[in-house]
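Hi everyone, thanks for making time for this one. Please have the sequence and the model open while I talk, and stop me whenever you like.

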Amino acid sequence: MEFLWNELTAGLPNAGDSLRVLIRLFAAMVLGAVVGFQRESAGKDAGLRTHILVAMGTALFVISCTSVDMGLDGLSRVIQGIATGIGFIGAGAILQDGTSTRGLTTAATLWISGALGVCIGAGLSVGSRAVIKQTAPATVVSYMLAGLLIVLVMRMLGEMPAANP
């Protein structure tokens, strides 16, 4: 039994690194939930669970690559694959019926959720230009502000109904 336990726990980071990973995944979940809640409350196809899964999945891909000290060249390829994959998922949400097209905003929000997950997984702060090792609270706060900005922009564009008084 000890052999099995050692195999399952081999390669796990120390407690500090584990906490950083959990905080980043939680931040991705929260921001995916912000975007997803808006889409679900508007009655759109991709809702809360879909956006949470996209944001957390992309964050996990990037976190796993950075935790094995993958170079920027390899990480760039992973991010390109993520962007392509989310693009295909978004393409499936776009429907054209005659002259009307539906699902463009849903596809765009899925891409935004994926991009937020990539940024959170890489440890990017909003407005920074390079991957930096940030403290977890600053990362969470900066991405919550980014999520709030997305909701405000969507409300201004008429995609999100205002709350009833």
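Let me begin with charge pairs: a search of the whole structure turns up one salt bridge. Keep in mind as we go that this is a predicted model.

Which side chains make that salt bridge? They are Asp73 and Arg77, with a nitrogen-to-oxygen distance of 2.9 Å. In general, side chains of opposite charge can pair when their charged atoms come close. Here the two residues both belong to helix α4, residues 72-93, and because they are four residues apart in that helix, about one helical turn separates them. Is Arg77 buried or exposed? Arg77 counts as exposed, because its relative accessibility is 55% and the cut-off for exposed is over 50%.

Now let's step back to the whole chain. There are six helices and two strands in the protein chain, and along the sequence they come in the order α-α-α-α-β-β-α-α. The chain has 165 residues, and 33% of them are buried. Its accessible surface is about 10300 Å², with 67% of that belonging to carbon and sulfur atoms. As for contacts, take the ones between residues at least 6 apart in sequence: 58% of these join residues at least 24 apart.

Next, a helix pair. In general, two packed helices are described by the angle between their axes and the distance between the axes. For helix α3, residues 48-67, and helix α5, residues 104-122, the axes come within 7 Å and cross at roughly 35 degrees. The crossing of α3 and α5 is right-handed. On the α3 side, the contact is made by Thr50, His51, Val54, Ala55, Thr58, Ala59, Val62, Ile63 and Thr66.

Ser113 sits in helix α5, and Ser113 is buried, since its relative accessible area is 1%. What does Ser113 touch, once we leave aside its neighbours within four places in sequence? The answer is Val35, His51, Val54, Ala55 and Thr58.

His51 also leads us to a glycine. Gly36 is in helix α2, residues 15-41, and with 0% relative accessibility Gly36 counts as buried. Again setting aside neighbours within four places in sequence, Gly36 is in contact with Gly47, Leu48 and His51. How far apart are the C-alpha atoms of Gly36 and Gly47? They are 4.6 Å apart in space, although the two residues are 11 apart in sequence.

Back on helix α3, have a look at Ser64, which lies in that helix. Ser64 has a relative accessible area of 35%, so Ser64 is partly exposed. Along the sequence Ser64 and Val21 are 43 residues apart, and their C-alpha atoms are 9.3 Å apart.

Met1, Leu4 and Leu8 make a nonpolar surface patch of about 400 Å². Leu4 belongs to helix α1, residues 2-9, and at 46% relative accessibility Leu4 counts as partly exposed.

To recap, we saw one salt bridge in the whole structure, a right-handed crossing of α3 and α5, and a nonpolar patch made by Met1, Leu4 and Leu8.

Terms used
Residues are numbered from 1 along each chain as its sequence is written. This is a predicted model: local features need pLDDT of at least 70, side-chain atom pairs count only at pLDDT 80 or more; totals for chains, interfaces and linings use all residues. Side-chain values use heavy atoms; hydrogens and water are left out. Patches are made of residues with over 30% relative accessible area and no salt bridge: like charges are joined within 9 Å, nonpolar side chains (Val, Leu, Ile, Met, Phe, Trp, Tyr) within 5 Å. Accessible areas come from the Shrake-Rupley method with a 1.4 Å probe; for residues, only the protein chains shown count as cover. A salt bridge is a side-chain nitrogen of Lys or Arg within 4 Å of a carboxyl oxygen of Asp or Glu. Buried means under 20% relative accessible area, exposed over 50%, partly exposed in between (1.4 Å probe, protein chains only). Contact means heavy atoms within 4.5 Å. Axes are lines fitted to C-alpha atoms, for helices over the stretch in contact, and angles run from 0 to 180 degrees between N-to-C directions. A crossing is left-handed if the near helix is turned anticlockwise from the far one by less than a right angle, and right-handed if clockwise.
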